[in-house]
Amino acid sequence: MSPFDVAYVRSQFPALKRMVDGRPAAYLDGPGGTQTPQRVIDAVADYLAHRNCNIHGAFVTSEETDAVVQAAHEAAADLLGCSWEEVSYGANMTTLAFLLSDAVSRDIEAGDEVLITQLDHEANRGPWLRLAERGAVVREVPVDLETCTLDWGAFERLIRPGKTRLVAVGYASNAVGTVNDVARAAALAREAGALSVVDAVHYALHGPIDVKAIGCDFLLCSAYKFFGPHVGIMYARRETTAVLEPVRLATQEPDPPCVWETGTLNHEGMAGTTAAIDFIADLGERHLGMVQDRLPAGLQGRRRAVVAGMLAGEAYEQPLAKQLRDQLAGIAGVTLYGPPEDTPRTSTVSFTLDGFQAGEVCRSLGSRGLFTWDGDFYARRLVDLLGLTPRGGLVRVGLAPYTTQGELERLVEAVADLARAVR
Ligand SMILES: Cc1ncc(COP(=O)(O)O)c(C=O)c1O
């Protein structure tokens, strides 16, 4: 039996009590956004009920709001492994990436090169494709379609020292779960004198992040993918921010993190984000024994607990995901997409079923209380290249620390029923 206390985890999420036509809802839609634990809901409500205000005023609710904003920066710094000044909040990852591309574009000259990948979500492609308007040449790292992994040989060939100005790569594919060696990508970028941008939106639920170990200039994620509210978070290396000129009002503070934070922030969302990170830390404290031997040395306090929480969740989910892949593979007509076994991957499982559009499969699963996503999930380039657009893309099953083996058994049974229906 797994030492992971899934019953405790589930008890924290009110949404898990929901029924669909007499069956418990199974939230296998995590890569599109996870559910939130009660403490996140309480933190958002508490802020709106008791502290709702703007910042930097000379009265108590404003002072408390300053504290909420500061706490959210410190919590995200513990999540990412950096200083709080290197964390900026925004509407979502996509908006922050456009803000970043605007800042970078000021230094782009005709003929400069930018590297993106075929594996990435459009939010880590579109903002960089726009640099072509400034005369940049945008190149794509190809994906090996058999293995759904990046072609690293091509990656190395396509980075050109002195020419490549920016490299944008995903930490993990939200469509097929492939985890990329982002430290290698950042090192290649650095050697070539290019900036590196890591999209960690999908990865952030699935493993600890250490931006200093990665060595990237920027890393972006979204709190709603790891139990929090709908806000975006960006790590911006202090030294890199210093040489950029983000768009801002004359009245806006010119120093990080404020220089990236245009307008009034989502204070209640930030209060909820702190609570989400504290929830992950709580999971870590509860499961320290399970991950002790894998904890990097030298970590302390909440940072240590957050890393432990991430490792514990993944240690719980990975065997479940493997079992799910094995069982789905045994169903006639199912084709799985993703990297080979023993290749780094998240616990996200994607497949097609012969005879059905992806949307038809998800609608049928949805009617049985099994929530899964269909389509390209904005990883459109990959899904197009896989030739799956005419079939409605992929069916995506996302595991989270609140997922149970029983839910996955229900899913396998439902897919097997559908498969039998067309034979
Ligand atoms: C890998 C990945 N990158 C970027 C995004 C966009 O994030 P946001 O919704 O915060 O803009 C998503 C959202 O699904 C994603 O999965």
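**A parallel pair**

I began with strand E9 (residues 164-170) and strand E10 (residues 195-199), which run parallel and are joined by five bridges. Two strands pair if DSSP finds at least two bridges between them. Helices (H or I, at least four residues) and strands (E, at least two) are DSSP runs, numbered from the N terminus. I found leucine 166 opposite leucine 195 in E10.

The model is predicted: local features need pLDDT of at least 70, side-chain atom pairs count only at pLDDT 80 or more, and totals for chains, interfaces and linings use all residues. Residues are numbered from 1 along each chain as its sequence is written.

**The whole sheet**

Next I traced the open sheet of seven strands, in the order E4-E12-E11-E10-E9-E5-E6, with mixed pairing. Which strands are at the edges? They are E4 (87-90) and E6 (137-141), and each pairs on one side only.

**Two helices**

Then I turned to helix H3 (residues 60-80) and helix H10 (residues 267-286), which pack at an angle of about 40 degrees with their axes 8 Å apart. Axes are lines fitted to C-alpha atoms, for helices over the stretch in contact, and angles run from 0 to 180 degrees between N-to-C directions. H3 and H10 are therefore oblique to each other (angles under 35 degrees count as roughly parallel, over 145 as roughly antiparallel, 65 to 115 as roughly perpendicular and the rest as oblique).

I noted Val68 and Ala72 of H3 and Met270 and Ile277 of H10 among the residues making the contact (two residues are in contact if their C-beta atoms, placed from the backbone, lie within 7 Å).
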